[in-house]
Amino acid sequence: MITIKGIEERILKSIEPEAEALGLEVVRIRMMGGRTPTLQIMVEKTDGGTDVEDCAKFSRAISPALDVHDFIDNKYHLEVSTPGIDRPLTRAKDFARWAGHLAKVELSMPIDGRRRFQGVITEEADGVVKLQLDDDTELEANVADMSKASLVLTDELIDLAQAQGELADVEDGSFDEIEEEGDAPDTEEENQS
C-alpha cells in the first residue's frame, strides 16, 4: 500500500481479518495529526457498491480490536469511509482496475527533477504503472516508488459512477437546491428603494 507508516501497518494487520469477514477491502489507512489525531480508514466491498451502513458495520467491528491493541496512546477520532469517485490509488490492482482513466501521481524520488505527474493510466503489470502524459510522453513507475496517487475527477468518471449506481443522477432530483449567498430572493423593502 502506498505511503503506509509503521503504526498504520500494524493497525492494518489487525483490522484486515474483520474487513475480509465483512466482504470489504481496506483501500487506505492514514493517521493524521492534530490535537486529537484522526485515524482515517477507507474501505470498499470487493464486488463494489459500498455504502454508509458497510462503513458503520466495519467501524463497530474494529473498534474493540483497536481498543485492545492500544495502537494510539491518546484520544483519537476514527473515520471510516468509502474511497469516493476521485479515489486514492494505493495498490497495484487499483491502477489495473482504473486503466483508461486520468490519474495524478507523486513519486517519492524525482525523475529528471520532477515528482508530480498527471496522465491516463495505460497499463499496470507486476506493480509497474504506465501513464500517458499530456505532452505525449510516458511515465513508467513502480507503485512502491509512489508517495501519493489518485484518480482525477472527470465527466467520464462521474458518468461511470452514476452508471454503477454509486452516485445519484443530478437530473433525477436527488440533490436539493443549494442557495448561494447573495441568491436570496428580494424582500419587499429592497424592492421599494
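In this predicted model, helix α1 meets helix α2 through I11, S14, I15, E18 and A19 on the α1 side and F58, A61, I62, L66 and H69 on the α2 side. By class, that contact has seven nonpolar, two polar and one charged residues. Two packed helices are described by the angle between their axes and the distance between the axes. Here α1 covers residues 6-21 and α2 covers residues 52-69. The angle is about 145°, and the axes lie 10 Å apart. The crossing of α1 past α2 is right-handed.

Next, the sheet. Strands of a sheet pair through backbone hydrogen bonds, either parallel or antiparallel. This sheet is open, has five strands and runs in the order β7-β6-β5-β4-β8, with antiparallel pairing. Its edge strands, β7 and β8, each pair on one side only. From one strand to the next, the twist averages 40°.

| Edge strand | Residues |
|---|---|
| β7 | 138-142 |
| β8 | 146-151 |

Strand β5 spans residues 114-125 and runs antiparallel to β4, with six bridges joining the two. A103 has G119 in β5 as its bridge partner.

Now W98. This residue sits in the loop between α3 (92-97) and β4 (102-111). Is W98 buried or exposed? W98 counts as buried because its relative accessibility is 8%, and the cut-off for buried is under 20%. Leaving aside residues up to four places away in sequence, W98 touches R87, L89, I121, L151, L157 and L160. One of these contacts, L151, is 53 residues from W98 along the chain. The C-alpha atoms of W98 and L151 are separated by 8.2 Å.

How values were computed. Residues are numbered from 1 along each chain as its sequence is written. This is a predicted model: local features need pLDDT of at least 70, side-chain atom pairs count only at pLDDT 80 or more; totals for chains, interfaces and linings use all residues. Side-chain values use heavy atoms; hydrogens and water are left out. Axes are lines fitted to C-alpha atoms, for helices over the stretch in contact, and angles run from 0 to 180 degrees between N-to-C directions. Helices (H or I, at least four residues) and strands (E, at least two) are DSSP runs, numbered from the N terminus. A crossing is left-handed if the near helix is turned anticlockwise from the far one by less than a right angle, and right-handed if clockwise. Contact means heavy atoms within 4.5 Å. Ala, Val, Leu, Ile, Met, Phe, Trp, Tyr, Cys and Pro count as nonpolar, Asp, Glu, Lys and Arg as charged, and the others, Gly among them, as polar. Buried means under 20% relative accessible area, exposed over 50%, partly exposed in between (1.4 Å probe, protein chains only). Two strands pair if DSSP finds at least two bridges between them.
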